[in-house]
Structures are given as C-alpha cells and as structure tokens.
Amino acid sequence: MSALPNVRAGVLDTLRRQHIELPSWAFGNSGTRFKVFAQPGVPRDPWEKIADAAHVHRLTGVAPTVALHIPWDRVDDYAALSEHARDLGVGIGAINANVFQDDDYRLGSVANPDPAVRRKAIDHLLECVDVMDATGSRDLKLWFADGTNYPGQDDLRARQDRLAEALSEVYDRLGPDQRMLLEYKLFEPAFYATDVPDWGTAYAHCLELGERAVVCVDTGHHAAHTNIEFIVSVLLRAGKLGAFDFNSRFYADDDLMVGAADPFQLFRIMYEVVRGGGLDAGAGVAFMLDQCHNIEPKIAGQIRSVMNVQEATAKALLVDGDELAAAQRDGDVLAANAALMDAFNTDVRPLLAGLREVMGLDPDPMAAHARSGYLEKVAAERVGGTQAGWGA
C-alpha cells in the first residue's frame, strides 16, 4: 500500500469492497420520447449486454453484478445466462419487472380497476421471481407507472388497496433469502396522482409487508431541491433502505450520469450512507446505476458513472468524524460545515488510482477502455440483427 496516500485505516478496505451494480439496459439504445440515437456496437441481446458489463467490471474492479429487466432481457434459459455471466467474471443482480409497456396498462397495472389486468401484471411479477430463482438473484425491483391524470379518474384509496394486495401476493412468493425493492417516483407518466410517488408511501407499504421489503431510492425521482440525504438517513435509521438507483437530474427524471448535475449532492448522500452504516459488511444496501445513455458512448458512460460513485464515496469516507462531532457539540456551525467541505474539496483521484494499481488494474479506467479496442471489436462483430433497446 506504499503507493497510496496516507489515509485513515479502513478507508481503502471499504473502497476496495464497494460494489456498484450495472443495468443491462444502459448498454442498449435508449433516449428520450423525441429520439433514440443508435450507436455502433450496441448489444443485440442479453448475452452481449452482459459481455459489455463484464468489460466495465474488468476495468473498474467494483462492478461485479448486472441487473436484468424483464421482458427486455427475457431468454429461454436463465440458468445458462447466469453461467455465461459467471464465465465472464460477473453475476446477475436485481431483476427488474416491467408493467408499464403494454397497452393493457393504459390505466395502470397492479392498481388498475380491471381485475383481469391486475392479474396479468401480478403474474408478470411472479414470473420475475421465477427468474430470480433461476439466476440466484437476491432482489426483485419494482417500479410502477400506475397513477391517474385527472381528479376523479379513479378512487385513490382503492388503488392503494389494490397495490397492497398485489405486493402482498408477490412478497409471499419470495424465497427466504430474497428481497423486494419498492421504488417510488414523484410523477410521470401519471401527472395528477402517482400511486407510489414518494419514499413515505413506499416505506408504508414495505413496513406492512415485512422485513424483506425495503425501499429503493432513485436519485432522479424527487421534486427539485429535495433533501435526498435526509431521506437516506431516515430510511437507514429505520432499517428500510434497500438500494439506490443512481443517476442525475437537472429538471425531472433525466437519467443522466450520476454526479453529473450535482456532485456535491452525491457526496452528501454518500456521507449519510457512511454515517448510517450503509457501507458496512452485511448492511444490505445495493448501489445500482439506472441511466440511459443517449448521446454519450454507453460503455464509457457506465465507466465514468462508476468512477463518479467511487469518488463521492472516497470523499465521504475522508470526513473527519471526530472533528465534525466536536464542532457539532460546540455548536460551531462554520467549523462543522468546514469539516464536510474539506473532505468534499479533496482530490481523491490519486487515492483511487493508487488503489486500482494495488488491485492490479489500470489506474485510469477511461483511458484503459479507449486503448483496449473493445468498442471497435464489438462494432465489427455485432453487425446484423436488431440492436437492443426499449423502443422509445
């Protein structure tokens, strides 16, 4: 470790064991409702998506799992797909359900007033648990586009009852080592009332379900200027923070690279994670990316995102806890703030570069990717067929 800067004990070990899960869909074509720009070398199936994710892990050393999205990543043999991932040095992470891209879900999925539509949606969620069983995945991640656009369109309380009934049936199907991650979103595509619009609603449902139901915080799913780190601290305190979906927003759910819009916010969030024990071994908090790369190269965008999370984490770990606590006890407002700002203003790139060298990695993953020739290789190989994407 002599090549690394002198930092407090435990910081390097924590950074070394940090895991950041990659989303399979980030490697496919995605974009906005206006246009999706195709790129050379985009994967055509889940097998190629996993290959790209494995390439990111080889360069960063901290992205050992890939989240799947069903039906975008539906295959005939999930055990074979899982073995393919293991052969490439990664594993299958969270299984994400999709109950928002079917014509039947125009008025909602599990909260739809039509019982036949609700049954269809629940059956899909149960299918996702089957996929978890086949791949060895721990987490089922649920996000619902359900909601209403107009006052009076539907009974708000009845929709909550339908949602609770669906969640309960799926929760009861989970195995003893499996979890349900319930994500929330302020608005879109429902504009009057979204059925799971905020962390409080998600928390209330998870509390009713049981200890293996936990909240997923998507950093792009809040109103402007929301104090997300406060939400993180409350959920950690309650033992109900299960995961993050990391991305950045300027205006709404922009799905940009994490840390791009407000790196100080990401630092503040990670400080509360550190302070609340969310990085401790066995804490169970999953750190996942959820982004769409429309104009930036997809693999490079994922590498940069991983690095952004690493840098925010390193800065959070460098906060002098004793200094901060003393200032807080003394009521020294400026000194307490300075303790945080000193850590945030630290250039941690040499620290992380040195750590990568110790791990046998190139100190600069972005440069290593550019030199690797991987993108040119897959662009030449992936000719013909249909590029993967969510079809916007």
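Predicted model: local features only at pLDDT ≥ 70, side-chain atom pairs only at ≥ 80, totals over all residues.
**Ground rules.** I number residues from 1 along each chain as its sequence is written. Local features need pLDDT of at least 70, side-chain atom pairs count only at pLDDT 80 or more, totals for chains, interfaces and linings use all residues, and side-chain values use heavy atoms, with hydrogens and water left out.

**Aromatic pairs.** I searched the whole structure and got 11 aromatic pairs; rings of Phe, Tyr and Trp (its six-membered ring) pair if their centres lie within 6.5 Å, and planes under 30 degrees apart count as stacked, over 60 as edge-to-face and the rest as tilted.

I looked up F244 and F287 next: they are stacked, 5.7 Å centre to centre with 15 degrees between the planes. F244 is in strand 9 and F287 in strand 10, 43 residues apart, so I noted that this pair links distant parts of the chain (strands are DSSP runs of E, at least two residues, and helices are runs of H or I, at least four, numbered from the N terminus). Both F244 and F287 are buried, meaning under 20% relative accessible area, with exposed over 50% and partly exposed in between (1.4 Å probe, protein chains only).

Then I checked F264 and F267. Their ring centres are 6.0 Å apart and the planes sit at 20 degrees, so this pair is stacked too. They are three residues apart in helix 8, so about one helical turn separates them. F264 is partly exposed at 26%, while F267 is buried at 1%.

I also found W25, W72, F100 and W143 linked into a cluster by ring pairs.
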